[in-house]
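Colleague: I'm new to this one. Could you walk me through how to read it?

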Amino acid sequence: MRPLQFAPPPALAVRTHCPYCAYQCGMIVGDGSSDAPAGVQGDPHFPVNNGQLCIKGWTSTTLLRHPERVTTPLVRHRGELRGASWDAALDDVADAVRRTKAEHGADAVGFFGSGALTNETAYLLGKFARVAVGTANIDYNGRYCMSSAAAGGNRAFGIDRGLPFPVEDIADAEVVLLVGSNPADTLPPISQWFERQKRNGGRLAVIDPRKTATAKLADLFLQATPGTDLALANGLLYLAVEEGLVNAEYVRTRTAGFDAVRRTVLTYHPAHVERLTGVGEAALRKLVRWLGTARSAMILSGRGAEQHSKGVDTVHAFINLALALGLPGKPASGWGCLTGQGNGQGGREHGQKADQLPGYRLIEVEAHRRHAAAVWGVPPESLPRKGKSAFELLDALGPAGGIRSLLVMGSNVAVASPDMTRIDSRLSSLDHLTVCDPFLNETTRHAHVVLPVYQWAEEEGTMTNLEGRVIRRRRVSRPPTGVRGDLDILRELAERLGHGDKFDFYGPSEVFDEFRRATAGGAADYAGITYERIDREDGVFWPCPAEDHPGTPRLFADRFHHADGMAKFFPVTHRAAGEEPDASYPFFFTTGRYREHYNSGAQTRLVGALTKAKPAPTLQIHPAAAGRHRIRPGQMVTLESRRGRAEFAAEVTPEIRPDTLFAPFHWGGRDAANRLIGTALDPTSRMPEFKIAAVRIVGTSA
Ligand code: SF4
């Protein structure tokens with residue numbers, strides 16, 4: 001066995017990137033005086049954030065020497081997690097995989113990855129599941145984040161890259177429409193581009209059920225009823241047709257399928273749209289005129305529009321509008337989505353998704369299977385077929401569903417999933433659960449084995465930000481004694497399972513070399529990207545098929561990625577949410593994020609400065625609704641949906657619609673918003689309907 005490769009000790013200060021969201025702010029970390037980096041500053045030379053960070057970035061090194069860090073493997077013994085050697089813990093995991101396969105078949109072993117993993121780890125985890133174990137059942141938490149936008153983008157453009165242009169183009173857009181996105185809170189440094197856009201005379205419009213921090217900056221705010229964005233988009237397209245704003249030349253030469261869409265939107269008369277959305281004709285007309293007459297205009301989508309059982313169709317409704325107005329491919333124009341997770345983009349390109357192989361190839365396409373199999377040195381027929389999507393995979397845990405053993409890497413699924421109570425019970429019914437994580441969390445409560453892993457600043461690798469820019473995550477500090485990297489764990493497990501020769505990687509650069517070959521010729525082609533190029537060029541945009549290719553910061557200038565080069569319209573119609581309010585459960589409940597916390601809160605709830613700023617979630621409720629229920633600010637309110645209860649302190653505010661309640665989803669326990677959320681899924685993306693549940697107020701206390 002070769003010795004492990006370690007990156008050189010940290011230099012005086014290292015350029016790397018924030019561990020959290022997809023904006024992947026450049027940061028400079030470390031003062032060189034010890035293994036623990038003492039200082040963080042925004043990287044003034046990284047052209048995405050230009051030196052700015054949000055509070056999560058500023059405090060991100062707090063976790064590196066956190067007292068609650070797990071530094072030894074833990075194995076459950078008589079109901080308790082106890083310290084164990086790495087060999088004992090890895091043997092336990094490998095035994096569980098072997099036993100499960102022998103007794104129940106390979107598909108009874110599941111894997112759950114993460115949009116926080118590097119490209120190298122995401123790639124290797126997908127390969128491990130398919131080659132070392134042979135299971136179809138691997139998916140990841142990015143399914144909960146980006147899948148509707150990804151499916152919509154693929155259907156319309158033949159490619160899924162969150163933003164088809166660099167963020168700097170925002171500054172040059174005459175009009176920007178944000179749909180269900182609150183970047184002022186979720187990725188604050190992006191605000192600099194909106195501020196420049198304003199200074200350049202641009203206008204910002206926002207569609208959201210809440211008057212968010214972003215909506216307060218808008219020149220036009222449309223406070224739509226939850227779950228009606230699709231109807232609103234169709235209504236805008238109706239008006240675009242009526243007002244003669246459709247770009248007929250663009251539609252004829254660059255798209256296909258407009259006639260069917262035009263016929264579909266004929267029923268979206270403004271009066272009908274107002275009844276559905278609560279947005280009046282004057283605002284609709286103003287917005288479509290802005291979009292249709294601007295020199296340049298962008299429509300940017302967020303989770304508020306996408307996390308629905310009609311998320312893909314909602315995305316496509318806005319893409320239809322953008323195509324009709326001739327925006328995609330035009331300078332500083334088009335449709336895009338603001339990706340959420342740190343490596344949400346790269347994480348969905350390289351095979352940790354149930355239906356995908358590296359390079360955005362598809363596991364059900366024979367030519368794609370042959371390419372991956374050739375790189376991996378296995379027969380194509382040995383690769384499993386498409387497996388279950390994230391929620392369906394978790395819902396199938398245990399004897400009833402058939403997945404008996406699960407390995408989770410980098411995701412706190414017990415808090416991040418809809419209908420948490422149900423997922424809790426599924427996790428507890430597993431024969432064996434392995435969790436790879438630096439900290440204990442709500443998911444490790446069910447674990448049989450916890451493997452302590454490196455954190456962001458202790459590992460090397462690549463990430464792909466929301467622009468499709470591939471960047472380097474660099475090692476800043478030495479990991480504590482006793483923890484290991486994800487890649488080391490996969491290699492050690494593969495050796496134990498008899499597939500060591502296929503996972504003989506002793507550092508991320510070795511994985512990256514194979515990964516480049518695996519992506520070559522795919523939609524997300526990284527073949528021409530090297531660590532050295534990323535260093536030199538401050539990131540390289542995919543697709544980049546050769547080392548002398550410049551990369552592709554802007555897509556669609558000449559053609560789209562379907563074989564005929566045309567973008568596709570797709571007729572979509574409004575439909576009800578999986579669960580709408582009724583007499584028994586009269587409120588819409590919707591969720592979102594705080595500036596101070598990230599996703600399930602597994603990391604940020606451990607950072608003192610962040611928990612001090614936001615110690616607990618509050619429930620936004622309109623004064624009219626609060627008055628009807630005699631709720632005072634700060635009073636504890638218990639909400640109930642058909643799945644469970646959660647309790648929040650009331651924040652009485654006119655910024656939310658009177659029919660809607662809002663709470664963030666960063667907490668577990670009794671204030672867990674996801675306990676209320678249902679299990680309706682989008683039929684295409686399998687995205688759970690995180691953004692709508694029907695709830696009622698069942699109690700208040702002082
Ligand atoms: Fe930047 Fe996002 Fe990190 Fe905040 S959380 S510093 S916006 S990458």
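Colleague: Let's start with a cysteine. Is C436 buried or exposed?

Modeller: Keep in mind that this is a predicted model. The general idea is to look at relative accessible area, where under 20% counts as buried. C436 has a relative accessible area of 2%, so C436 is buried. C337 falls on that side too: its relative accessibility is 1%, so C337 counts as buried.

Colleague: And how many disulfides does the structure hold?

Modeller: For that you check how far apart the cysteine sulfurs sit, and the cut-off is 2.5 Å. Here the structure has zero disulfides. Take C337: the nearest cysteine sulfur belongs to C145 and is 8.1 Å away, and C337 is in no disulfide.

Colleague: OK, zooming out. Which domains does the assignment give?

Modeller: The domain assignment lists domain 1 (14-65), domain 2 (74-141 + 350-460 + 473-515), domain 3 (147-337) and domain 4 (587-701).

Colleague: What goes on between domain 3 and domain 4, and how do I read it?

Modeller: Begin with the distance, then the contacts, then the area. Taken over C-alpha atoms, the centres of domain 3 and domain 4 are 27 Å apart. On the contact side, 27 residues of domain 3 touch 22 residues of domain 4. The area buried between these two domains is about 2100 Å², with carbon and sulfur atoms giving 53% of that. Three residues stand out: R210, Q307 and S309 supply 31% of the area domain 3 buries against domain 4, more than any other three residues.

Colleague: How many salt bridges cross that interface?

Modeller: Here you look for oppositely charged side chains, with nitrogen and oxygen within 4 Å. The rule finds two salt bridges between domain 3 and domain 4. As for a salt bridge you can look up, D185 pairs with R595, with the closest N and O atoms 3.1 Å apart.

Colleague: Which element gives the most to the domain 3 side?

Modeller: Helix 4, with four residues. Elements giving two or more residues there also include helix 5 (183-186), helix 12 (303-306) and helix 13 (311-324).

Colleague: Last one: how covered is helix 19?

Modeller: Count the buried residues along the helix. In helix 19 (residues 486-496), 10 of the 11 residues are buried, among them L487, I489 and R491. Those buried residues pack against several elements, including helix 2 (86-104), helix 3 (119-133) and strand 17 (432-436). After helix 19 comes G498, with a positive phi near 85°.

Terms used
Residues are numbered from 1 along each chain as its sequence is written. This is a predicted model: local features need pLDDT of at least 70, side-chain atom pairs count only at pLDDT 80 or more; totals for chains, interfaces and linings use all residues. Side-chain values use heavy atoms; hydrogens and water are left out. Buried means under 20% relative accessible area, exposed over 50%, partly exposed in between (1.4 Å probe, protein chains only). Domain bounds come from an automatic or database domain assignment. Contact means heavy atoms within 4.5 Å. Buried area is the accessible area (1.4 Å probe) that two parts lose on being put together, summed over both.
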